[in-house]
Amino acid sequence: MTAEFVVVANRLPVDRTTDEDGNEAWRTSPGGLVTALEPVMRARGGAWVGWHGAPDEEVAPFVHEGYEVVPVPLSGQEVAEFYEGFSNATLWPLYHDTVAFPEFHREWWDAYVQVNLRFAKRAAEIASRGATVWVQDYQLQLVPRMLRELRPDLRIGFFLHIPFPPAEIFAQLPWRREILEGLLGADLVGFQIQGGATNFLRLVRSLLRLPIEQGVVRVDGSHSSLARAYPISIDTAGFQALAESPETLDEAQRLLDDLGHPKHVFLGVDRLDYTKGLRQRIRAMGELFAEGRLDPTDTVFLQVATPSRERVDEYRRLRDDIDLLVGRINSQSPTAGRPPIVYLHRGFPRQTMAAMYRIADVMLVTPLRDGMNLVAKEYVACHPGLQGALVLSEFAGAAKELRQAYQVNPYDLNGMKDVFVQALTDAPRERARRMRSLQRQVRTHTIDRWATTFLEDLSHAGSDRNQ
Ligand code: ADQ
């Protein structure tokens, strides 16, 4: 089997489930990258190359939702060194402004090189002659160059879902040249915001001393690589339809019943990750309750946090910190009824998420650093009418597009507290004015447009092909 369109990502978009009778099935998995790319794959068909999530196991390719799923095996040690180590304890904190300390270990790097090569080889086997291969995200930054060496006939795109850091931070990386050279194997390197593309080009100029003209890096005589921003988005119409379905309306009603019909609902929805600014957000809400600026008898803060990367130390610490913080705030609440913070540490079906977005008067999206943040856009798509309010960190990529959100600096607790209250109490006209502008943005800039623009540019970018 070969394919004309191949997506390569660290994880496949499916998780294996086993029912009571021991039957195995594959179901679409949650997470930002999958939410964004799965609709693209369903529409285009092709093949998706990625790890299936279980170490030390070979799984044969299979068809899911009309496209080919091609599993790449990882050993237990590779999961520890390539995935939990270099990807999530070196690159992830480094690329997010070092909000946690990145760890540098030479064995982790060796595993990163080895696994990237395996992905490149698998993609090279699957791609048909002259095919388009779209490599995703920070775990696979060496794949574009490796793949080009194996298959110069391919058209190779790369998209980075997380921020690309400023030179001062990136320069810490002992393997900085290799990463830049790896990315430059692509004909088109896409970033969430222009700042990422600019950081990248500046580094290419200063460290590799390659000529650049209008975002195009001349890598060698036959190959050039374009760096540009493509802000990712969501299936806006799909989310909107889901939010308006009778089942979602019922579910929203049930949620309100469970919460005791509060007058005001604040909502947070995140993977449990230290980049998402949960500590700061929860402290700010806790203080507002403690100071009586929010009344726990009529206001609730619903915080949903999906478990994430629980084998990485920093994430375990975060989980304990949040449990402690929420417990302390709730135990000090003057009311005996429902606690002021309802904290749910698990994943939910998309429909439940849509129901939550529906009932939230104020949506709190306050990451310390975030490539884009799809939750902000999902809220705008799902919340009915014009009376919702989106509070958005200026350090999320989405802040560049959603300019009419109530923007905050998540490091400034007093500033955040004031804006949280303002978002709830502003005049209806003001809330409607902001919401109208946000809706316009999210309805016109969809995931479909993102993918089409990227792939269209990719079809013109890059090398003189030698087919
Ligand atoms: P993430 O860091 O995962 O994505 P985000 O963009 O917010 O962040 O996407 C999270 C997705 O998971 C959303 O679609 C959300 O609905 C879903 N989700 C969150 N909590 C959930 C829960 N409890 N149950 C079910 N679903 C839940 C990375 C980058 C982002 C970038 C995306 C896409 O870090 O900056 O926007 O990739 O490029």
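Start by selecting the shell around the ligand: by class, this shell has ten nonpolar, nine polar and six charged residues. The model on screen is predicted.

The ligand is surrounded by 25 residues, and H161, T306, F348, D370 and E378 are the closest of them. Color the chain by domain, with domain 1 as 3-232 + 448-460 and domain 2 as 236-444; each domain supplies at least three residues to the shell.

Select R271: an N or O atom in the R271 side chain is 2.8 Å from an oxygen atom of the ligand. Move to R346, where a polar backbone atom lies 3.0 Å from a nitrogen atom of the ligand. Then pick G371, which has a polar backbone atom 3.1 Å from an oxygen atom of the ligand. With a surface displayed, note that the protein buries 94% of the 720 Å² that the ligand exposes when taken alone.

For the secondary structure here, select α1 (32-44), β13 (264-271), β14 (299-306), α12 (350-359) and α13 (374-382); these elements each give two or more residues to the shell around the ligand.

Two loop residues remain on the tour. Go to the loop between β10 (212-213) and β11 (216-218) and select Q214. Q214 is not a glycine, but its phi is positive, at about 50 degrees. Q214 counts as exposed because its relative accessibility is 77%, and the cut-off for exposed is over 50%.

Last, select H261 in the loop between α9 (246-259) and β13. H261, also a residue other than glycine, has a positive phi near 45 degrees. Its relative accessibility is 44%, so H261 counts as partly exposed.

Notes: Residues are numbered from 1 along each chain as its sequence is written. This is a predicted model: local features need pLDDT of at least 70, side-chain atom pairs count only at pLDDT 80 or more; totals for chains, interfaces and linings use all residues. Side-chain values use heavy atoms; hydrogens and water are left out. A residue is near a molecule or strand if one of its heavy atoms lies within 4 Å of it. A polar contact is a pair of N or O atoms within 3.5 Å; within protein, one must be able to donate a hydrogen and the other to accept it, and residues adjacent in sequence count only if both atoms are side-chain atoms. Accessible areas come from the Shrake-Rupley method with a 1.4 Å probe; for residues, only the protein chains shown count as cover. Helices (H or I, at least four residues) and strands (E, at least two) are DSSP runs, numbered from the N terminus. Ala, Val, Leu, Ile, Met, Phe, Trp, Tyr, Cys and Pro count as nonpolar, Asp, Glu, Lys and Arg as charged, and the others, Gly among them, as polar. Domain bounds come from an automatic or database domain assignment. Buried means under 20% relative accessible area, exposed over 50%, partly exposed in between (1.4 Å probe, protein chains only).
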